[in-house]
Amino acid sequence: MLEFIPQRNTMSAESVVQWLEILCLVSKVFHSLCFQDLPEYFEDNIKPWMDGYLEIMKMDCPSVTSSGGEPTYLDELKMEVCEIFTLYAQRFEEEISPFMQNIIQAVWQLVVQTNSETRYDGMVCSALEFLSIISQKPHYESYFVGEGVLQTIAHSSEDVCVKNMQLRQEDLEQFEDEPIEFMKKDIEGTDSCTRRRGAIELVRALCRKYEQQLVPILAQQRSVNVLF
């Protein structure tokens, strides 16, 4: 199925949607089969799978458009891929370690380049969860302490966390309609599938290991008031 990636721009919009839907289903099956233990076949053939998923993370399909702000199959596919990366980072570190540098870069860029449209919320949440988890693992520390990496957490144009903490129009409308429920979710942390919660959890995770470096960076940003 991945051999169609270079051909996607010559395919009809309907064909691209069908292809992405199949890729979504294949990825869900792959995720399910690996959830309890890593099958020997996947362990022996992990490279083509990871290389393919990395290509998917960089993929764009202009012909696929969202209907009513709902996620497209490409959005759902990238969300599933992020969840697969998270599973492997947690349970199959040795097998995924040769690909981890490229995976971290791909997920990081996904968060940086994705705008605030609600259709991307699930995808961004999955990406932020992946970054939160690997930020706590000592052998990935070098990816976060490199020059300029933590600065992108709150950079005005390329931030990873701060932009996802800001209240959008949809959030304000929800607060106006159900203020008590909104505050309850925010205080109790039950809004686990929102961008704001994902970004907050990433900042918390990073502060556990890099507080001295990160807090001054956040303090320099005018947007830091969304944290409080």
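**Entry 1: the overall picture.** I started by noting that this is a predicted model. I then looked up the secondary structure and found 12 helices and 0 strands. Reading along the sequence, I could write the pattern as α-α-α-α-α-α-α-α-α-α-α-α. The protein has 228 residues, and 44% of them count as buried. I also checked how far apart in sequence the contacting residues are. Among contacts with a separation of 6 or more, 71% join residues 24 or more positions apart.

**Entry 2: helix α3.** Next I picked α3, which covers residues 46-58. I listed its buried residues as Ile46, Met50, Gly52, Tyr53, Leu54, Ile56 and Met57. I then looked up what these buried residues pack against, and found α1 (13-34), α2 (40-44), α4, α5 (93-96) and α6.

**Entry 3: helix α7.** How many residues of α7 are buried? I found 12 of the 14, so this helix is largely enclosed by the rest of the structure. Among the buried ones I noted Met123, Val124, Cys125, Leu128, Phe130 and Leu131. From first C-alpha to last, α7 reaches 20 Å, close to the 20 Å expected at 1.5 Å a residue. Its buried residues pack against α4, α6, α8 (141-145), α9 (162-165) and α12 (195-219).

**Entry 4: α7 beside α12.** I wanted to know how α7 and α12 are placed relative to each other. Their axes come within 9 Å and cross at roughly 10°. Angles under 35 degrees count as roughly parallel, and α7 and α12 are therefore roughly parallel to each other. On the α7 side, the contact is made by Asp121, Val124, Cys125, Leu128, Leu131 and Ser132. On the α12 side, I wrote down Arg195, Gly198, Ala199, Glu201, Leu202 and Ala205. A reminder to myself about spacing: an α-helix has 3.6 residues a turn, so residues three or four places apart point the same way.

**Entry 5: asparagine 115.** Where is asparagine 115 found? I traced it to the loop between α6 (100-113) and α7 (121-134). Its relative accessibility is 38%, so asparagine 115 counts as partly exposed. Leaving out residues up to four places away in sequence, asparagine 115 touches Tyr120 and Arg195. A polar atom of its side chain lies 3.0 Å from the backbone nitrogen of glutamate 117. I also checked lysine 163, which is 48 residues away along the chain; the C-alpha atoms of lysine 163 and asparagine 115 are separated by 9.1 Å.

**Entry 6: glutamate 80.** Is glutamate 80 buried or exposed? Its relative accessible area is 7%, so I put glutamate 80 down as buried. This residue lies in helix α4 (residues 73-91). With residues up to four places away in sequence not counted, glutamate 80 touches Ser27, Lys28 and His31.

**Entry 7: cysteines.** Last, I looked for disulfides and found 0 in the structure. Cysteine 61 has 4% relative accessibility, so it counts as buried. Cysteine 82 is buried too, with a relative accessible area of 0%.

How values were computed
Residues numbered from 1 in each chain as written. Predicted model: local features only at pLDDT ≥ 70, side-chain atom pairs only at ≥ 80, totals over all residues. Heavy atoms only, no water. Disulfide = S-S within 2.5 Å. Buried < 20%, exposed > 50% of the residue type's maximum accessible area, 1.4 Å probe, protein only. Helix = DSSP H or I, 4+ residues; strand = E, 2+ residues; numbered from the N terminus. Contact = heavy atoms within 4.5 Å. Polar contact = N/O pair within 3.5 Å; in protein donor to acceptor, adjacent residues only side chain to side chain. Expected span 1.5 Å × (residues − 1). Axes fitted to C-alpha atoms, helices over the stretch in contact; angles between N-to-C directions. Parallel < 35°, antiparallel > 145°, perpendicular 65-115°, else oblique.
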